[in-house]
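My notes follow in the order I looked things up.

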Amino acid sequence: MDENILQVAASWLFQHEKIAVLTGAGISQESGIPTFRGNDGVWKHYRAQDLATPEAFARNPELVWEWYLYRRQLVREKKPNPAHYALVRLKNLKQKTELITQNVDGLHRRSGFGEHTEMHGYLFRDVCTRCSWEREDYESHEKIPHCPRCGSMMRPGVVWFGESIPEKAWQHFHRLSRECELLMVIGTSQVVYPAAALSQYVRQRSAYVIEINPELTTSCQGKSIYLGYKAGFILPKLIDELEKLFKKTREVDR
Ligand code: APR
């Protein structure tokens with residue numbers, strides 16, 4: 001591993017206040033949750049158009065619910081990994097750090113990160129297809145849950161292909177794309193929009209980008225650092241380096 005590049009990345013984090021973090025399925029890979037693309041990705045084994053579109057749900061809600069109940073079961077047993085916890089340490093050191101995740105697994109919640117945007121929704125949420133009433137749902141195993149208020153069918157509270165992300169998520173996304181001084185892009189193939197556009201916008205403004213992904217996804221021009229490792233391996237090391245910089249400054253101040 002190139003210690004030098006890690007130190008440069010840490011110094012970038014140290015020097016900037018408005019840090020944005022975008023995460024994708026790769027950050028949860030070491031928790032045992034499969035990613036969507038790549039060799040063993042979910043979309044190699046299943047077709048997104050059969051399971052993750054409004055049309056699929058209209059055609060066969062029972063099948064779609066079966067898929068989401070299966071995913072809930074899978075995720076329920078998993079825990080945040082060192083990468084999720086490293087981001088909590090980053091937030092403690094750099095309090096203006098803001099997080100947007102494409103993940104619906106809730107592992108950033110469970111790591112204790114605090115407020116963040118789940119731009120594709122939350123796996124353990126049911127939303128009524130008629131009155132939009134919603135609830136968090138960890139236990140129910142109903143084949144198709146029905147709304148306790150109006151009796152209509154409920155759907156998983158996630159954003160499917162062809163749907164827009166929630167308004168609040170848009171606003172957060174646009175604010176970060178305009179304002180952040182440094183963007184960390186962790187574990188995403190950056191092929192699904194709008195998330196994929198964030199690093200493009202940030203690069204256009206000549207702000208800093210640090211990307212963590214064992215596979216190179218975007219061209220690293222300008223003020224970019226690419227760390228080609230698994231997030232659970234490299235993120236804790238990066239934050240260790242950042243902590244060292246904080247310690248050094250405190251010693252000089254004394
Ligand atoms: N650490 C960091 N990155 C990793 C790791 C790891 N341990 N393991 C895999 N990766 C990288 C892969 O190289 C890949 O580039 O994570 C990325 C995962 O990409 P995708 O599976 O495409 O996940 P994501 O980018 O989050 O997908 C976006 O697509 O299907 C939809 O709604 C779903 O939110 C998802 C969206």
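**Q29**

I started with Q29, which touches T35 and K230 once residues up to four places away in sequence are set aside. This is a predicted model, so I am reading computed geometry throughout. I placed Q29 in the loop between β1 and α2. Is Q29 buried, exposed or partly exposed? Its relative accessible area is 32%, so Q29 goes down as partly exposed.

**The ligand**

Which residues come nearest to the ligand? I got F36, R37, T188, S189 and N213, out of 22 residues around the ligand. Sorted by class, that shell holds seven nonpolar, eleven polar and four charged residues.

An N or O atom in the T188 side chain sits 2.6 Å from an oxygen atom of the ligand. With A231 the backbone takes part: one of its N or O atoms is 2.9 Å from a ligand nitrogen. On its own the ligand exposes 740 Å², and the protein buries 92% of that.

**Domains**

The chain is divided into domain 1 (1–33 + 80–120 + 165–254) and domain 2 (34–77 + 121–158). Their contact takes 17 residues from domain 1 and 16 residues from domain 2. The C-alpha centres of domain 1 and domain 2 are 28 Å apart. Why do I write that the ligand lies between the domains? Both domain 1 and domain 2 give residues to the shell around the ligand, so the ligand lies between them.

**S31**

Back to the loop between β1 (19–23) and α2 (42–45), where I found S31. S31 counts as buried, because its relative accessibility is 12% and the cut-off for buried is under 20%. Its side chain makes a polar contact of 3.0 Å with the side chain of N81. Leaving out residues up to four places away in sequence, S31 touches K78, K79, P80, N81, H84 and L107.

**S111**

I looked at S111 next, in helix α7 (residues 107–111). I have S111 down as buried, at 9% relative accessibility. Beyond its neighbours within four places in sequence, S111 is in contact with P80, H84, Y85 and V88.

**T101**

Then strand β2 (residues 98–101), which contains T101. With a relative accessible area of 1%, T101 is buried. I logged two polar contacts here. The T101 side chain meets the T23 side chain at 2.7 Å, and a polar atom of the T101 side chain lies 2.9 Å from the backbone nitrogen of N103. Setting aside neighbours within four places in sequence, the contacts of T101 are T23, H108, H116, T117, E118, M119 and H120. T101 and A25 are 76 residues apart in sequence, with 8.8 Å between their C-alpha atoms.

**V159**

I found V159 in the loop between β6 (154–158) and α8 (167–179). V159 is partly exposed, at a relative accessible area of 21%. Not counting residues up to four places away in sequence, V159 touches M119, H120, G121, S164, I165 and P166. From V159 to Y122 I get 8.7 Å, C-alpha to C-alpha, for a separation of 37 residues in sequence.

**Backbone checks**

Last, I went through the backbone angles. Which residues does a cis peptide bond join? The pair is Y193 and P194, with omega at about 5°. P194 belongs to the loop between β7 (182–186) and α9 (195–204).

Q190 lies in the loop between β7 and α9, and I noted a positive phi near 55° for this residue other than glycine. Q190 counts as buried, at 10% relative accessibility.

S206 is not a glycine either, and its phi is positive at about 60°. I placed S206 in the loop between α9 and β8 (208–212). At 42% relative accessibility, S206 counts as partly exposed.

Conventions: Residues are numbered from 1 along each chain as its sequence is written. This is a predicted model: local features need pLDDT of at least 70, side-chain atom pairs count only at pLDDT 80 or more; totals for chains, interfaces and linings use all residues. Side-chain values use heavy atoms; hydrogens and water are left out. A residue is near a molecule or strand if one of its heavy atoms lies within 4 Å of it. A polar contact is a pair of N or O atoms within 3.5 Å; within protein, one must be able to donate a hydrogen and the other to accept it, and residues adjacent in sequence count only if both atoms are side-chain atoms. Accessible areas come from the Shrake-Rupley method with a 1.4 Å probe; for residues, only the protein chains shown count as cover. Ala, Val, Leu, Ile, Met, Phe, Trp, Tyr, Cys and Pro count as nonpolar, Asp, Glu, Lys and Arg as charged, and the others, Gly among them, as polar. Domain bounds come from an automatic or database domain assignment. Helices (H or I, at least four residues) and strands (E, at least two) are DSSP runs, numbered from the N terminus. Buried means under 20% relative accessible area, exposed over 50%, partly exposed in between (1.4 Å probe, protein chains only). Contact means heavy atoms within 4.5 Å.
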